Amino acid sequence: MADESRLRVLLAINQKLGASLDAREDLSFIVDSVHTVIPYDSAEIYVLNQDDGSVSRVAGRNSSGLDQPELSLEKVGGMVRKVLETGE
């Protein structure tokens, strides 16, 4: 993807974030937009509630652009699990 196209995607993300008050919608838009710049097989965004330690999946897509079903924390692994356990 050309640098100009990447900049257009980043500008669209910036404009969307500046115009919206819906965080879930914004995060879904970011997941979708980033795929045009950085192809991925799947992407998910989680939010950690620091008060009670709970984690909520707020956005996610697979490579065909379909919304990922929510996973239970017991099934979360890899990098996400490490971040949840270590905070890093």
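Predicted model: local features only at pLDDT ≥ 70, side-chain atom pairs only at ≥ 80, totals over all residues.
Among contacts (heavy atoms within 4.5 Å) between residues at least 6 apart in sequence, 30% join residues at least 24 apart. Residues are numbered from 1 along each chain as its sequence is written, and side-chain values use heavy atoms, with hydrogens and water left out.

As for the overall layout, the chain comes to three helices and two strands, arranged along the sequence as α-α-β-β-α. Helices here are DSSP runs of H or I with at least four residues, strands are runs of E with at least two, and both are numbered from the N terminus. Of the 88 residues, 19% count as buried, where buried means under 20% relative accessible area, exposed means over 50%, and partly exposed lies in between (1.4 Å probe, protein chains only). The chain exposes about 6,400 Å², with carbon and sulfur atoms supplying 54% of it; accessible areas come from the Shrake-Rupley method with a 1.4 Å probe, and for residues only the protein chains shown count as cover.

Now for the helix pair. Two packed helices are described by the angle between their axes and the distance between the axes. The axes of α1 (residues 3-19) and α2 (residues 23-37) come within 10 Å and cross at roughly 180°, which makes α1 roughly antiparallel to α2. The axes are lines fitted to C-alpha atoms, for helices over the stretch in contact, with angles running from 0 to 180 degrees between N-to-C directions; angles over 145 degrees count as roughly antiparallel, under 35 as roughly parallel, 65 to 115 as roughly perpendicular and the rest as oblique. On the α1 side the contact is made by Arg-6, Val-9, Ala-12, Ile-13, Lys-16 and Leu-17, and α2 brings Glu-25, Asp-26, Phe-29, Ile-30, Ser-33, Val-34, Thr-36 and Val-37. Sorted by type, these residues split into eight nonpolar, two polar and four charged (Ala, Val, Leu, Ile, Met, Phe, Trp, Tyr, Cys and Pro count as nonpolar, Asp, Glu, Lys and Arg as charged, and the others, Gly among them, as polar).

Two serines of α2 are worth a look. Ser-33 sits in this helix and counts as buried at 10% relative accessibility; leaving out residues up to four places away in sequence, Ser-33 touches Val-9 and Ile-13. Ser-28, also placed in α2, is buried at 17%, and with sequence neighbours up to four places away again set aside, Ser-28 touches Val-58, Ala-59 and Arg-61.

Strand β2 (residues 55-62) holds Asn-62, partly exposed at 22% relative accessible area. Asn-62 and Ser-42 are 20 residues apart in sequence, yet 4.1 Å apart in space, C-alpha to C-alpha.

Finally, charge pairing: a search of the whole structure finds one salt bridge, meaning a side-chain nitrogen of Lys or Arg within 4 Å of a carboxyl oxygen of Asp or Glu. Glu-4 pairs with Arg-8, the closest N and O atoms being 2.7 Å apart. Being four residues apart in α1, the two are separated by about one helical turn. Glu-4 is exposed at 53%, whereas Arg-8 is partly exposed at 49%.
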